[in-house]
Amino acid sequence: MSLILALDQGTTSSRALLFDHHGAVRGVAQQEFTQHFPQPGWVEHDANDLWQSQLAVAREVIAKTGVMATDIAAIGITNQRETTVLWDRKTGEPIAPAIVWQDRRTFDACNALKASGAETMVRQKTGLLLDPYFSGTKLAWLLDHVPEARARAERGELAFGTVDSWLIWKLTDGAMHATDASNASRTLLFNINTGTWDDELLQLFDIPKSVLPRVVASSQVVAETSSKWLGGAIPIAGIAGDQQAATFGQACLQTGMAKNTYGTGCFMLMNTGKAPVVSKHRLLSTVAWQRVTSTNSAEITYALEGSVFMAGAIIQWLRDGLGIIGTAADVEALAISVPSSEGVVLVPAFAGLGAPWWQADARATLSGMTRGTTRAHIARAALEAICCQSVDVLQAMESDSGVALTELRVDGGASKNDLLMQLQADLLGVPVTRPKVTETTALGAAYLAGLAVGFWQSADDLAAHWQLDKRFEPSIAQDAKHEILDRWHNAVRHTIEWNRPRAKNVKLFI
Ligand code: ADP
């Protein structure tokens with residue numbers, strides 16, 4: 001058997017990719033599906049759309065690559081995380097639209113829980129924060145608002161899952177209700193220290209245990225697909241949330257290795273090894289993956305995670321809001337046309353500032369301009385803003401973990417921008433490395449599945465697959481670097497303070 005099928009169920013599209021023994025892509029199919037915004041702050045998906053589009057692209061990639069089910073050694077699933085599905089165990093039909101990770105409807109519920117003083121316990125057990133982002137309060141909302149849902153759940157008639165569980169249920173025709181530890185760790189219901197659902201958390205969020213899936217390792221044979229879907233039964237052997245899968249796909253397999261994905265926002269994960277790290281900077285501690293060891297015990301690898309809301313989105317703003325570039329790719333030529341931003345700083349707090357500042361009411365500022373400032377300086381300041389935000393999160397990770405970063409592995413749409421990557425290396429002070437295969441999310445899911453069925457022998461083999469496309473070495477003088485970072489931190493302080501009634505002495509951690 002020569003291939004692994006990766007199912008990558010994302011927020012805007014479902015994708016299916018076939019990988020060979022070398023980790024090379026042999027086929028890909030993709031389908032978008034409808035986003036629903038029924039009220040301000042609400043984001044929903046039709047769970048049947050997720051399933052139907054995922055099935056369609058799996059069938060399409062198999063057909064167009066000309067392979068048979070018997071050529072596929074295993075399936076790996078990776079998915080948009082935290083999105084919450086609740087369905088009827090008998091019919092396999094969702095009882096409500098899926099609540100997407102971006103949905104903010106449980107904001108007040110989270111604040112009420114915070115006010116009750118629950119956050120310390122929640123942080124200690126889950127590594128997360130009390131935020132609508134995670135599944136727990138979304139599931140409680142469904143149980144409380146869909147008619148009869150809570151009573152039906154108590155009677156054991158309903159099943160909850162993140163998107164991985166939902167797809168596994170459908171692929172196995174209801175024979176398996178499971179999730180992996182990486183997805184479970186995003187629910188607020190899972191204790192990352194013990195690797196189990198937690199009774200105290202279930203009580204806090206008022207969730208009946210009967211709705212929960214079984215938690216399995218990220219790399220193990222969980223079930224076989226029903227043969228009616230893909231022309232034969234195929235083992236499902238890998239499961240991981242998208243960012244965790246990307247970290248595995250980047251072969252960040254040793255403690256202290258980190259990846260940054262430059263998409264709409266930035267997602268940084270650092271492998272922190274076999275014990276969760278408690279963050280002092282409000283970063284998340286999360287399960288990176290769980291693997292079965294040679295002694296047959298299931299071992300969790302943990303990660304610190306930090307995200308930056310505005311990365312590629314700043315470039316979209318230059319294009320659509322300011323109209324100073326025609327396409328996102330134009331930003332590189334414009335920014336390189338000047339040797340520096342000449343003191344211009346853009347703090348992109350368009351929707352507040354995320355990690356490590358967490359200032360929801362901050363708003364963006366563009367400062368340091370002179371009469372000589374041009375759109376080229378603003379373009380350069382935009383790229384520097386992406387890098388400076390990533391430096392802040394990565395330095396927080398280093399401080400939390402006590403591990404100094406030696407290299408940053410990168411992927412995502414904006415990582416194609418060489419100037420951006422060079423600026424990142426310069427400001428971070430460590431090399432930035434971009435791999436040849438940038439399909440790291442799907443590749444990670446394929447790796448997890450392939451390891452479980454012996455398609456690949458060891459994680460070390462996978463690390464050897466990782467092939468460099470381009471390495472960016474830090475090359476600016478320390479003085480110049482500190483000048484940019486100092487100016488950035490000054491601007492961040494002003495951004496946090498500027499629309500407050502009276503300047504407060506905001507303590508910055510650096
Ligand atoms: P997502 O998965 O979040 O949709 P992608 O990984 O597809 O994001 O990357 C798209 C983002 O990258 C867009 O926000 C776009 O503005 C930005 N982008 C694309 N090309 C470049 C480029 N050459 N330089 C900087 N940003 C870019």
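Biologist: How many residues surround the ligand?

Modeller: In this predicted model, the closest residues to the ligand are Thr264, Gly312, Gln316, Gly413 and Asn417. The residues of the shell divide into 6 nonpolar, 7 polar and no charged. The number of residues that surround the ligand is 13.

Biologist: What is the distance from an oxygen atom of the ligand to an N or O atom in the side chain of Thr264?

Modeller: A polar contact requires a pair of N or O atoms within 3.5 Å. An oxygen atom of the ligand lies 2.9 Å from a polar backbone atom of Gly312, and an oxygen atom of the ligand lies 2.7 Å from a side-chain N or O atom of Gln316. For the side chain of Thr264, the corresponding distance is 2.6 Å.

Biologist: What percentage of the ligand's accessible area does the protein cover?

Modeller: On its own, the ligand has 580 Å² of accessible area. Of this area, the protein covers 67%.

Biologist: Is helix 14 roughly parallel or roughly perpendicular to helix 17?

Modeller: The axes of helix 14 (residues 418–428) and helix 17 (residues 478–497) come within 9 Å and cross at roughly 95 degrees. Angles of 65 to 115 degrees count as roughly perpendicular. Therefore helix 14 is, relative to helix 17, roughly perpendicular.

Biologist: Which residues of helix 17 make the contact with helix 14?

Modeller: The residues of this contact divide into 4 nonpolar, no polar and 2 charged. Helix 14 contributes Asp426, Leu427 and Leu428. From helix 17 come Lys481, Ile484 and Leu485.

How values were computed: Residues are numbered from 1 along each chain as its sequence is written. This is a predicted model: local features need pLDDT of at least 70, side-chain atom pairs count only at pLDDT 80 or more; totals for chains, interfaces and linings use all residues. Side-chain values use heavy atoms; hydrogens and water are left out. A residue is near a molecule or strand if one of its heavy atoms lies within 4 Å of it. A polar contact is a pair of N or O atoms within 3.5 Å; within protein, one must be able to donate a hydrogen and the other to accept it, and residues adjacent in sequence count only if both atoms are side-chain atoms. Accessible areas come from the Shrake-Rupley method with a 1.4 Å probe; for residues, only the protein chains shown count as cover. Ala, Val, Leu, Ile, Met, Phe, Trp, Tyr, Cys and Pro count as nonpolar, Asp, Glu, Lys and Arg as charged, and the others, Gly among them, as polar. Axes are lines fitted to C-alpha atoms, for helices over the stretch in contact, and angles run from 0 to 180 degrees between N-to-C directions. Helices (H or I, at least four residues) and strands (E, at least two) are DSSP runs, numbered from the N terminus. Angles under 35 degrees count as roughly parallel, over 145 as roughly antiparallel, 65 to 115 as roughly perpendicular and the rest as oblique. Contact means heavy atoms within 4.5 Å.
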